[in-house]
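Have the structure open while you read.

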Amino acid sequence: MRVTITVNDTEQRHEVEDRTLLVHFLRENCGLTGTNTGCDTTSCGACTVLFDGESVKSCTVLAAQADGHAVTTIEGLSADEELHPVQRAFQERHGLQCGFCTPGMVLASVSLLQENPSPTEREVRDGLEGNLCRCTGYQNIVDSVLTASREEAAR
Ligand code: FES
Ligand code: FES
């Protein structure tokens, strides 16, 4: 089947098998390898992207279900050369170690802050509970999200 998905503001039209997952569409058809696959079973959040602005685990969505919709991956988070405020906060607060979980963590955090611009630490931890960090660097990840929240509030 042929699907057309707007990915990072660019129309991506590709022929795929009916069972193709969105994460594989992004990586293999679009060449956007910033979206990682960790578990393929909705457990780890490494594949998190924004789907019509809301975070989803792209290993739980068929490419066919995204037909006609808009997806943002880590590559498209910032329109220009500058880092998105959440990316900048992860850099400043050392919110990553190996970086494998980071694209998913950042996109889940962007979605979290859109819904709740001034979360408490508890709310950040709850909001990111679907995203696992195998390096276990949760403290700095939470600090990064709180920093991004404070910096946005100060703008
Ligand atoms: S690869 Fe999608 S949740 Fe783990
Ligand atoms: S930084 Fe390594 S998995 Fe999170």
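Start with asparagine 8, which sits in the loop between β1 and β2. Keep in mind that this whole model is predicted. What does the side chain of asparagine 8 join up with in a polar contact? The partner is the side chain of threonine 73, at 2.9 Å. Leaving aside residues up to four places away in sequence, asparagine 8 touches Leu32, Val71, Thr72, Thr73, Glu75 and Gly76.

Aspartate 9 is in that loop too, between β1 and β2. Its phi is near 70 degrees, a positive value in a residue other than glycine. Is aspartate 9 buried or exposed? With 75% relative accessibility, aspartate 9 counts as exposed, because the cut-off for that label is over 50%.

Aspartate 52 has a positive phi as well, about 50 degrees, although it isn't a glycine. You'll find aspartate 52 in the loop between β3 (48–51) and β4 (54–57). Its relative accessible area is 43%, so aspartate 52 is partly exposed.

Now for the charged pairs. Side chains of opposite charge can pair when their charged atoms come close. How many salt bridges does a search of the whole structure find? It turns up 6. Here are some of them:

| Pair | Closest N to O distance |
|---|---|
| arginine 2 and glutamate 15 | 3.5 Å |
| glutamate 11 and arginine 13 | 2.6 Å |

Let's look at the pair of arginine 2 and glutamate 15, whose closest N and O atoms are 3.5 Å apart. Arginine 2 and glutamate 15 are both exposed.

In the pair of glutamate 11 and arginine 13, the closest N and O atoms are 2.6 Å apart. Arginine 13 has 46% relative accessibility, so it counts as partly exposed.

Arginine 19, at 63% relative accessibility, counts as exposed.

Technical notes: Residues are numbered from 1 along each chain as its sequence is written. Chains are lettered from A and ligands numbered from 1 in the order in which they are written. This is a predicted model: local features need pLDDT of at least 70, side-chain atom pairs count only at pLDDT 80 or more; totals for chains, interfaces and linings use all residues. Side-chain values use heavy atoms; hydrogens and water are left out. A salt bridge is a side-chain nitrogen of Lys or Arg within 4 Å of a carboxyl oxygen of Asp or Glu. Buried means under 20% relative accessible area, exposed over 50%, partly exposed in between (1.4 Å probe, protein chains only). Helices (H or I, at least four residues) and strands (E, at least two) are DSSP runs, numbered from the N terminus. A polar contact is a pair of N or O atoms within 3.5 Å; within protein, one must be able to donate a hydrogen and the other to accept it, and residues adjacent in sequence count only if both atoms are side-chain atoms. Contact means heavy atoms within 4.5 Å.
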